There are 2 protein chains.
Amino acid sequence: MTRWALVLSLLFAPGAATQAPPPKPPTFAEVLAAAGSADWRAVDPENTLYLELASGRVVIELAPAFAPRHVDNVKTLVRGGYFDGLAFIRSQDNYVVQWGDPDGGDAQKQRPIRNGQRTLPEEFTRALTPDLPFTRLPDVDGYAPEVGFSSGFPAGRNPKSGRAWLAHCYGMVGAGRDNAVDSGGGTELYVVIGNAPRHLDRNVTLLGRVVQGMERLSTLSRGTGAMGFYTKAAERTPIRSIRVAADLPVAERTPLEVLRTDTPTFEKLVESRRNRREEWFHATAGHVELCNVPLPVRPAAMPAR
Amino acid sequence: MTRWALVLSLLFAPGAATQAPPPKPPTFAEVLAAAGSADWRAVDPENTLYLELASGRVVIELAPAFAPRHVDNVKTLVRGGYFDGLAFIRSQDNYVVQWGDPDGGDAQKQRPIRNGQRTLPEEFTRALTPDLPFTRLPDVDGYAPEVGFSSGFPAGRNPKSGRAWLAHCYGMVGAGRDNAVDSGGGTELYVVIGNAPRHLDRNVTLLGRVVQGMERLSTLSRGTGAMGFYTKAAERTPIRSIRVAADLPVAERTPLEVLRTDTPTFEKLVESRRNRREEWFHATAGHVELCNVPLPVRPAAMPAR
């Protein structure tokens, strides 16, 4: 570098001593505190399930954009009382809990279905159409060409195949099936309680996400049978009922809001996780895995009276 | 392609109809069933901790290759009875459980340390030396330039910086710290119970892995305070004792073997997870994330009598 070039570079260098230092990027907590009411959306009661256990309520947001037939069928089963009195039949450590009919494998003893279907064609993936919201993560993912968030749900997509799908992150809810791809339908549902089993992506129909009460499921005592199935009826946690939130009187609902994933606020929130700014952190990752992005939920603001 | 080239290519084409189809790659269960005794190694009792709870024993394998000073210190604390009668003070859903001294923040009331240190210099990473065993995963990872397994522990490494470190997978055990990097030492230890919090890599000293009894920790009821801390003493799960396995009579030990991670068998096992061959699977991932590779453990074969 010549002397003049050096002088010029010093004169016009960014961050010269007379300038203020660039503002420190916000932390996750700071992004969330600065979010406005337009950054949140109410969870639609018509697409919300309340799973009632002795320990309390588990709230599930359904994803009709990805699994319309399964969502429809599960709501139909719910409205017919199909799940009431059934139980959690499986709790496998670092994997899933699963509920359904303990006698589901016995054609003589299994609970009859009054409304709805026992099995459905699979909805492992859906068409990647222009109307599908998708906020892409900037980082590499080993399980999908592109990953991100679609209306609050973690998802993958493949522009070459023209398909999109929900991803198996913690708290995601899916429809158990046997070996045949069309052997599920929503009579048995599982929830991810461990490290994201992303190898299940595109292999099972995911249809929703637990937005409140995960700790009631993740702490269910593990089953000692193969794949975490309970071996004795007494070990199973009974399901008091499952209801569609819209079917309950307003006073009995749990109104929730989830942070929108299609906003500048959400992009800042992701960045606050890619590079942690909290004082505790020593090394920053420069990366965040799809299932490590928190999806904030809060009680809905009460309407003005 | 000319006619002759076409004829030649057909004549010498692999996979002609007269050849047998290539053998189907083995599943995880098939790889494991075919493993010989040389594929397993005994867990060293001198590097094994038994954490005794009312619900039973949790077995931890220590990693002195990555955190020699912390492992030494924790063993010294254990041998001085430091942990006996302390408790789990934190259980945060989808994150960690943590044990230590409930009065650890109170200089007047905290338990005195007879043997060992309260704090130590950090061991977030170690030198990447040629003698460090490392079986590299073939796949991309967002949190480290290279990932794989070192003597049974999930790890990352960076050839440019010349450093290696343990990775925050499910069941990994680390030394809690305050903001100062040298404020930990092993008096408070945490265990990962949720989706791998890999952003903690290179930020905390990891020193071991739970090899048996994870379900006793992952189901601890969640704390309702900030970050999952329990707000009442009665909520805490007491620690009856922690012992170094080598200090117990042989009859009171839980002899375990872990699958070696530096063998052709382990490479086959990884491949069986990169592309699942079980009949149930419809789509294969062609990828496995570091923390999704199972690390098999079995009761040790009894010596011949």
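This is a predicted model: local features need pLDDT of at least 70, side-chain atom pairs count only at pLDDT 80 or more; totals for chains, interfaces and linings use all residues.
Residues are numbered from 1 along each chain as its sequence is written, chains are lettered from A and ligands numbered from 1 in the order in which they are written, and side-chain values use heavy atoms, with hydrogens and water left out.

User: What makes Cys169(A) and Cys291(A) a disulfide?

Analyst: A disulfide is a pair of cysteine sulfur atoms within 2.5 Å. The sulfur atoms of Cys169(A) and Cys291(A) are 2.0 Å apart, and the pair meets the rule. The angle about the S-S bond is -70°, and the link is left-handed. Cys169(A) lies in the loop between strand S10 (163-166) and strand S11 (172-175) of chain A, and Cys291(A) in the loop between helix H5 (264-274) and strand S17 (297-299), 122 residues apart. Helices (H or I, at least four residues) and strands (E, at least two) are DSSP runs, numbered from the N terminus.

User: How many disulfides does the rule give over all chains?

Analyst: The count is 2. Cys169(B) and Cys291(B) also form one, with sulfur atoms 2.0 Å apart.

User: Why is Cys169(A) called buried?

Analyst: Buried means under 20% relative accessible area, exposed over 50%, and partly exposed in between (1.4 Å probe, protein chains only). Cys169(A) has 6%, so Cys169(A) is buried. Cys291(A) has 11% and is therefore buried.

User: Which residues of H5(A) are buried, and what do they pack against?

Analyst: Thr265(A), Phe266(A), Leu269(A), Val270(A), Ser272(A), Arg273(A) and Arg274(A) are buried. The buried residues of H5(A) pack against helix H2 (28-34) and strands S7 (135-136), S8 (146-150) and S16 (256-259) of chain A.

User: How many residues of chain B and chain A are in contact, and what area do the chains bury between them?

Analyst: In contact are 41 residues of chain B with 41 residues of chain A. Together the chains bury about 3700 Å², 50% of it on carbon and sulfur atoms; buried area is the accessible area (1.4 Å probe) that two parts lose on being put together, summed over both. Tyr143(B), Asn195(B) and Trp280(B) lose the most area in chain B, together 20% of what that side buries.

User: What makes the contact of Glu123(B) with His70(B) a polar one?

Analyst: A polar contact is a pair of N or O atoms within 3.5 Å; within protein, one must be able to donate a hydrogen and the other to accept it, and residues adjacent in sequence count only if both atoms are side-chain atoms. The side chains of Glu123(B) and His70(B) make such a contact at 2.6 Å. At 6% relative accessibility, Glu123(B) is buried.

Methods. Contact means heavy atoms within 4.5 Å.
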